[in-house]
Structures are given as C-alpha cells and as structure tokens.
Amino acid sequence: APRGMAMRRRIAGAIAVLLLSLALLPPAMAGEDDQDRVRDLRQQGKILPLSVIVERLTAQHPGRILQVELENEHGKRVYEIQMILQGGILRTFHVEAHTGAILATTKRED
C-alpha cells in the first residue's frame, strides 16, 4: 500500500496548505467562521471534501500540491489548486467544488 500512503500524504499536505492559507488571510476573512462555513458547506453536500478533489486531480495529473484555496468565482465555489507536475511544470487548476469538474487550467511559463 505504498501508493495509498503517498496519496494520504498528498491529501494531508493539501489540507495543511488550505488551513495555513485560511490562517494567513486578514482577520476579516479568516478564522473559525471560515472553517465552520467550509465544514457546513461540506456537510450540506454543497462542496466535495478536499480529499476527494485532491485524489481525483492527482490521479489525472500526478504532481505535488503547493497551495489550495476555496474561492467564489462567478457564483460558484471553486477550489484553486496550485501544483508542480512531473517535469517541473507549475500549473493552477480551478476545480468546481460541488462536482469536482476542472473548469480551467493555467500553466506558468518561466
């Protein structure tokens, strides 16, 4: 089960990055209210758990997650996930939080 352990590490890392991102937001935007709001959205079935999103995304696009943010874009809740893919390509995925569908992908060229 080494693959399972690697997947759990990626998911744990992504969750830690999301929580760190929330912690680094200005006080008016971060805190227990945001964590409660995300938990409530997940429990109501309005968004998929981040672990599900990460598992699906990394199955299609192997790489390492650098940052995760949950945003509201055009009335939809979207996970913005920044990854380094194999070959060192930096890519940002915009994933619809309710369905897990990839809405957009941007590639950073250096």
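Colleague: Why does Thr-92 count as buried?
Modeller: Thr-92 has 14% relative accessibility. Buried means under 20% relative accessible area, exposed means over 50%, and partly exposed lies in between, with a 1.4 Å probe and protein chains only. Thr-92 at 14% falls under that 20% limit, so the word is buried.

Colleague: Before we go on, what kind of model is this?
Modeller: It is a predicted model, in which local features need pLDDT of at least 70 and side-chain atom pairs count only at pLDDT 80 or more, while totals for chains, interfaces and linings use all residues. Residues are numbered from 1 along each chain as its sequence is written, and side-chain values use heavy atoms, with hydrogens and water left out.

Colleague: Thanks! Where does Thr-92 sit, and what is it in contact with?
Modeller: Thr-92 is in strand 3. Strands (E, at least two residues) and helices (H or I, at least four) are DSSP runs, numbered from the N terminus. Contact means heavy atoms within 4.5 Å. Leaving aside neighbours within four places in sequence, the contacts of Thr-92 include Glu-80, Ile-81 and Thr-105.

Colleague: How do you know which strands pair with strand 3?
Modeller: Two strands pair if DSSP finds at least two bridges between them. Strand 3 (residues 90–96) and strand 4 have 6 bridges, and strand 2 and strand 3 have 7. Both pairings are antiparallel. Tyr-79 stands opposite Val-95 in strand 3, while His-94 stands opposite Ala-104 in strand 4.

Colleague: What order do the strands of the open sheet take, and what makes a strand an edge strand?
Modeller: The sheet has 4 strands in the order 1-2-3-4. Strand 1 (63–73) and strand 4 (102–108) are the edge strands: each pairs on one side only. Strand 1 pairs with strand 2 over 10 bridges.

Colleague: Why is His-74 called exposed, and what stands out about its phi?
Modeller: His-74 has a relative accessible area of 83%, so it is over the 50% limit for exposed. His-74 is found in the loop between strand 1 and strand 2. His-74 has a positive phi of about 55° although it is not a glycine. Most residues other than glycine have a negative phi.

Colleague: Finally, what makes a group of residues a nonpolar core?
Modeller: It is a set of buried Ala, Val, Leu, Ile, Met, Phe, Trp, Tyr and Cys residues joined through side-chain atoms within 4.5 Å. Here the largest has 17 residues, and Tyr-79, Ile-81 and Met-83 touch the most other members. Helix 2 (32–43), helix 3, strand 1, strand 2 and strand 3 each give two or more residues to this core. As for Met-83, its contacts beyond four places in sequence include Leu-57, Ile-65 and Phe-93.
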